[in-house]
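Q: Could you take me through one part of this model at close range, please? I'd like the geometry together with the cut-offs behind each term.

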Amino acid sequence: MAAVRLTVLGCSGSVTGPDSPASGYLLRSEGSPPVVIDFGGGVLGALQRHVDPRSAVVLLSHLHADHCLDVPGLLVWRRYAPGPVGERGLMYGPVGTAHRIGAASAETPGNIDDISDTIDLRTWVEATPVQIGDLTVTPMGVCHPPESFGLRVTAPDGAILVYSGDTAICEDIVELAQGADVFLCEASWEHDPENNPPGLHLSGREAGEIAERAGVKRLLLTHIPPWTSREAVLAEARAAFSGPVHAVSADESFDIVPSHVGENVATRS
Ligand SMILES: [Zn+2]
Ligand SMILES: [Zn+2]
């Protein structure tokens with residue numbers, strides 16, 4: 001059995017979609033509490049199908065609404081849902097996370113809900129790994145308007161999952177993805193540098209080019225908005241990357257295993 005299993009809670013880019021919540025990815029391993037990377041709209045509901053939300057450690061790549069605005073619901077769950085009141089929930093995010101979530105959770109405009117009663121909030125420090133059970137998570141700044149991090153997750157068996165977060169094309173994301181067994185990468189639009197706004201997101205082609213340059217074993221495309229053609233970004237990525245490419249859907253799971261174990265570096269189930 002693989003050390004780490006990735007389950008897609010939500011993968012719709014920029015907004016919730018007809019078939020998926022916004023960004024949210026559950027990681028489970030024997031030696032760690034459940035970890036949820038990003039917590040966009042609809043993720044709390046999907047999470048309930050898999051684990052007790054109270055048990056989850058939450059990692060926020062950045063503070064755009066589609067990556068964090070189901071956290072106020074998690075606060076309500078932690079404060080009011082029946083069951084044993086455990087320790088505060090661990091959460092990592094960029095500078096300003098307490099203010100951002102506190103504002104969204106406040107009862108009245110202009111107030112900031114103090115979330116420290118139920119959340120133990122820590123701030124990402126560039127390139128400084130954090131240990132969550134047996135998982136090592138290293139945040140690296142990527143190229144996106146608010147402070148934004150991609151995450152490199154290393155399992156105890158050496159398997160490496162890299163999540164791009166939201167990013168435009170830059171050397172930082174190539175470096176972050178280097179040699180990943182699974183590269184979960186955003187692909188928000190078709191390649192059209194003339195018309196796409198700069199410094200914001202990746203095209204399918206760019207996701208494929210990064211995967212190729214970084215020598216990843218498998219590319220999983222995510223964060224495809226409802227208005228973008230899934231087939232088109234998939235085709236772009238396949239043309240640019242020589243390895244296997246798949247566009248994820250909500251509720252899919254993948255075993256993250258080191259590439260030397262065998263050919264199936266990520267097994268869909
Ligand atoms: Zn986004
Ligand atoms: Zn964003």
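A: Happy to! The count comes to one disulfide, where a disulfide is a pair of cysteine sulfur atoms within 2.5 Å. Before going further, please note that this is a predicted model, in which local features need pLDDT of at least 70 and side-chain atom pairs count only at pLDDT 80 or more, while totals for chains, interfaces and linings use all residues. Side-chain values use heavy atoms, with hydrogens and water left out; residues are numbered from 1 along each chain as its sequence is written, while chains are lettered from A and ligands numbered from 1 in the order in which they are written.

The disulfide joins Cys143 and Cys170, with 2.3 Å between their sulfur atoms. The link is right-handed, with 110 degrees about the S-S bond. It ties together distant parts of the chain, 27 residues apart: Cys143 lies in the loop between β8 (135-141) and β9 (149-154), and Cys170 in the loop between β10 (160-163) and α5 (171-177). Those labels are DSSP runs numbered from the N terminus, with helices being H or I of at least four residues and strands E of at least two. Cys143 counts as partly exposed, at 22% relative accessibility, and Cys170 as buried, at 13%. Here buried means under 20% relative accessible area, exposed over 50%, and partly exposed in between, using a 1.4 Å probe and protein chains only.

What about other cysteines? The sulfur of Cys11 is too far for a bond, because the closest cysteine sulfur, in Cys185, is 14 Å away. Cys11 is also buried, at 8% relative accessibility. Cys68 is in no disulfide either, as the nearest cysteine sulfur, that of Cys11, is 18 Å away; Cys68 is buried at 0% relative accessibility.

Now to the metals. The zinc ion (ligand 2) is coordinated by His62 (NE2), His64 (ND1), His144 (NE2) and Asp166 (OD), at 2.1 to 2.4 Å. Donors are N, O and S atoms within 2.8 Å of the metal (3.2 Å for Na, K and Ca), and water is not among the atoms, so sites may look incomplete. The donor residues follow the spacing H-x1-H-x79-H-x21-D in sequence.

The zinc ion (ligand 1) has Asp66 (OD), His67 (NE2), Asp166 (OD) and His223 (NE2) as its coordinating residues, at 2.1 to 2.2 Å. Their spacing in sequence reads D-H-x98-D-x56-H. Asp66 is buried, with a relative accessible area of 9%, and His67 is buried as well, at 0%.

Asp166 coordinates both ions, which are 3.5 Å apart. The site of the zinc ion (ligand 2) is irregular, with angles of 90 to 163 degrees among its four donor atoms, and the site of the zinc ion (ligand 1) is irregular too, with angles of 88 to 164 degrees. In these terms, four donors count as tetrahedral if all angles lie between 85 and 135 degrees; four count as square planar and six as octahedral if opposite donors are over 155 degrees apart and all others between 65 and 115; anything else is irregular.
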